[in-house]
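User: I'd like to learn how to read salt bridges in a model like this one. Could you walk me through it?

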Amino acid sequence: VKATAIVQFSHVDAEVDLTFDETMQPADYSMSVEYEETAERILTELYGASDEDLALKAKDNGGFYEVFWKSWQEDRDTTGAFLGFDDAKKTTVDDSDPDEVKVTCYPKFENYEAEAVLTYDSNHDLANYTLNIGYSFGEKMGQAGMNMAVGLITVFVILAILIIVISLFRFIPDPEKKKKEKEKAAAAAAPKVAPAPKAAPA
């Protein structure tokens, strides 16, 4: 089985030819190395590409490249520019799932270190990309507190709206009540019939 991963931009052409042997065991070292080197090479090219190249790549190819482009637009202002990979952390390959292979790399950026996960499908094609930014404990707690505050505010706003809506129910006309009031008024307005005189005793 042969799979070719190609990263091509206007300013650079990089082709990586990977030959996968289906008879290899999942823990085969050479296959893992191919995955590691290819993943790092592709990410290096993508992180260094221009917006125009990334947008064009996402438009023409979709899939992995579209996911990467959307993610990178959201994350790059936070992470800052790409500096390289963390030499202290080894890229890992998880091929325990027969339907996919996950390659985890550890890119370093100006502002944060991160964990990038590239997912290959059963045909050895790139299928997905996620970037987990290494926020500090204080930043994580701050984000959690912010999320909790937003949640509480949302709950109180909804409760306030419900109270207002319920208070307006008294202005809604009650047909049954109006009907009873009309019947009562009609009964009060009806002329009273005088009782018949009693017959004189014989």
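Analyst: Happy to; we will go through some of the salt bridges in this predicted model.

User: What is the general idea, and how many salt bridges does a search of the whole structure find?

Analyst: Side chains of opposite charge can pair when their charged atoms come close. Here, the search of the whole structure turns up five salt bridges.

User: Which residue forms a salt bridge with Glu-36, and where does the pair sit in the chain?

Analyst: The partner of Glu-36 is Lys-90, with 3.3 Å between the closest N and O atoms. This pair links distant parts of the chain, 54 residues apart: Glu-36 belongs to helix α1 (residues 29-48), and Lys-90 to the loop between β3 (82-85) and β4 (92-94).

User: Is Glu-36 buried or exposed, and what about Lys-90?

Analyst: Glu-36 counts as buried because its relative accessibility is 13%, and the cut-off for buried is under 20%. Lys-90, in contrast, is exposed at 56%, the cut-off there being over 50%.

User: Where do Glu-66 and Lys-70 lie?

Analyst: Both are in helix α3 (residues 63-79), four residues apart, which is about one turn of the helix. Glu-66 is partly exposed at 34% relative accessibility, and Lys-70 is partly exposed at 47%.

User: Which side chain does Glu-100 meet in a salt bridge?

Analyst: That of Lys-102, at 3.9 Å from N to O. Glu-100 is partly exposed, with 27% relative accessibility; Lys-102 is also partly exposed, at 35%.

How values were computed
Residues numbered from 1 in each chain as written. Predicted model: local features only at pLDDT ≥ 70, side-chain atom pairs only at ≥ 80, totals over all residues. Heavy atoms only, no water. Salt bridge = Lys/Arg side-chain N within 4 Å of Asp/Glu carboxyl O. Helix = DSSP H or I, 4+ residues; strand = E, 2+ residues; numbered from the N terminus. Buried < 20%, exposed > 50% of the residue type's maximum accessible area, 1.4 Å probe, protein only.
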